[in-house]
Amino acid sequence: MTGTRWLDDDQQRAWRAYLRMQAELAARLGRQLQADSGLSFADYGVLVQLAEAPDGRLRPFALQRDLQWEQSRLSHHLGRMQRRGLVDREECPQDARGAFVVLTAAGRAAIEAAAPAHVDTVRRLVFDQLDPDEVRALERIATRVVDGLDAERRLA
């Protein structure tokens, strides 16, 4: 015996259903964004974080933390977005070695143009399938799992 606590049948079905849902939603949302706005799902994630930040600017480490990306992925992706004019980098006056990632006017226009169709797709694919009790249950489940992940990270 290895001591592994294997998933029971109910847990295994729930886990596999979650994995399939997550993969299919990411693929469908990514295709929708690309077709409707020319943005990738990753672009959209960066733009959302910046659009919601004060003054449309964040330090790279904050973006990395919020997106849960490796530093190299973030750096390469921001470089591509910068070449497309969606974001820019500005020096940080408080930290000569640091910088801010800044949402450009083109980046703001891109997120504002993409958001309505994206929200419509999220509503159609997810929330139109759920009743209000299921929406509240989804929020409780997601919050509980994220809280557990946060607690585990603090212990590491």
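The legends below describe close-up views of a predicted model. Local features need pLDDT of at least 70 and side-chain atom pairs count only at pLDDT 80 or more, while totals for chains, interfaces and linings use all residues. Residues are numbered from 1 along each chain as its sequence is written, and side-chain values use heavy atoms, with hydrogens and water left out.

**View 1. The largest nonpolar core.** This core has 23 residues; a nonpolar core is a set of buried Ala, Val, Leu, Ile, Met, Phe, Trp, Tyr and Cys residues joined through side-chain atoms within 4.5 Å. Buried means under 20% relative accessible area, exposed over 50%, and partly exposed in between (1.4 Å probe, protein chains only). The members that touch the most other members are Leu39, Val46, Leu47, Leu50, Leu63, Leu78 and Val87. At least two residues each come from helix H2 (41–52), helix H3 (60–67), helix H4 (71–83), strand S3 (95–103) and helix H5 (105–125), and H2 supplies the largest share, five residues. Helices (H or I, at least four residues) and strands (E, at least two) are DSSP runs, numbered from the N terminus.

**View 2. Surroundings of Val46.** Not counting residues up to four places away in sequence, Val46 touches Leu63, Leu67, Trp69, His77, Leu78, Met81 and Val87. Contact here means heavy atoms within 4.5 Å.

**View 3. Asp43 in helix H2.** Asp43 lies in H2 and counts as buried because its relative accessibility is 2%. Its side chain and that of His77 are joined by a polar contact of 2.7 Å (a pair of N or O atoms within 3.5 Å; within protein, one must be able to donate a hydrogen and the other to accept it, and residues adjacent in sequence count only if both atoms are side-chain atoms). Apart from neighbours within four places in sequence, Asp43 is in contact with Gly38, His77, Met81 and Arg84.

**View 4. Pro60 in helix H3.** Pro60 belongs to H3 and is partly exposed, with a relative accessible area of 26%. Leaving aside neighbours within four places in sequence, the contacts of Pro60 are Leu74, Ala99 and Val101. Pro60 and Thr2 are 58 residues apart in sequence, and their C-alpha atoms are 42 Å apart in space.
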